[in-house]
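Me: I would like to go through this structure with you step by step, beginning with the overall fold and then turning to the ligand.

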Amino acid sequence: MIDIVTLGPAGTFSQLAADRMRSLPSQKRLSFYPTLTKTLNAVGEAAEIGVVPIENILEGVVSPVIDAFVKRPLQIIDEVTVPIAFSLIANQPNPQQVFAQFVAQGQCSDALERLAVPLTTTASNSESLKQLLACETPAAALVPSHLVDTELRQRLAWVEDEASDSPDNATRFIAVTSAAQKASPYDAVTRYKTSFLILDDADQPGLLVEHLQVLAAYKVNLMALVSRPTGRQFGQYHFYLECEGRLEDSALQAALTLIRLRTQVVTLGSYPDRR
Ligand SMILES: O=C(O)C(=O)C[C@]1(C(=O)O)C=C[C@@H](O)C=C1
């Protein structure tokens, strides 16, 4: 039995993602951690694999995950995209506050604006439901629609389904293992992608352009480029990149070797492209 950690409590979209991640065995033991940082810290310690969100189609990258990679690089071994549907629910007719997870707030901004009550930020969407159920004063919560079953509906004052800003809302999740563990073997028919970090330790004019020109010269197709502040000085950034292909591909290898001459590159693994 393989041990997997993800964001809890049970019922998060992260749990759905762990259940749907193709390369993970169906026989697995899932443990839940209260925050994304704690989940990632448990990988390689309490569990072999972690499942975390990396990008939402409306909100962009999940910054705590990218920032955690800068501190401790893990290996991405697989990804899955999960459609995200939210319901806004209330325990009594006139809610005076609303519980909502920090990433979910940005995905349901219209519904929250219409409700116009103070927000209490939670660490996960299941936590928002838990807090609402424990609340005795009139309150609302933004919760995953798959958690609002018939029994819960009967206990609520009202339910607004389709609370996302877009019906196309979706989040991409990744499965990560500690760098010491080996990723699953490659096969010839699967399309792969590779993630890596370029760490800013030599800020100078044109540095990013030069790195991108190297990738272009070797015909490495970029799929994502995200900057995150280093937290040390304004204007200093780390970059998270995704590109087509595997680390073993000679073009990507050559490009990264050249980029490494100028700055620090941290590879985060090659894994199946499940778009
Ligand atoms: O709270 C959850 O249900 C999660 O799985 C976390 C998370 C995230 O942080 O991105 C995942 C998907 C949704 O986009 C919103 C929240």
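Me: Why does the radius of gyration of the protein agree with a compact globule?

Reply: This is a predicted model, in which local features need pLDDT of at least 70, side-chain atom pairs count only at pLDDT 80 or more, and totals for chains, interfaces and linings use all residues. Residues are numbered from 1 along each chain as its sequence is written. The radius of gyration is taken over C-alpha atoms, and the globule rule is 2.2 Å times the number of residues to the power 0.38. Because that rule puts a compact globule of 275 residues near 19 Å, the protein agrees with it at 20 Å.

Me: Which element gives the most residues to the shell around the ligand?

Reply: The shell holds 16 residues, of which T12, F13, S14, P53 and N125 come nearest; a residue is near if its C-beta atom, placed from the backbone, lies within 6 Å of the molecule. Two or more residues come from each of α1 (13-20), β3 (49-56) and α4 (102-107), where helices (H or I, at least four residues) and strands (E, at least two) are DSSP runs numbered from the N terminus. The element that gives the most, with three residues, is α4.

Me: Which domains each give at least three residues to the shell around the ligand?

Reply: The bounds come from an automatic or database domain assignment. With at least three residues drawn from each, the two are domain 1 (2-84 + 170-178) and domain 2 (86-160).
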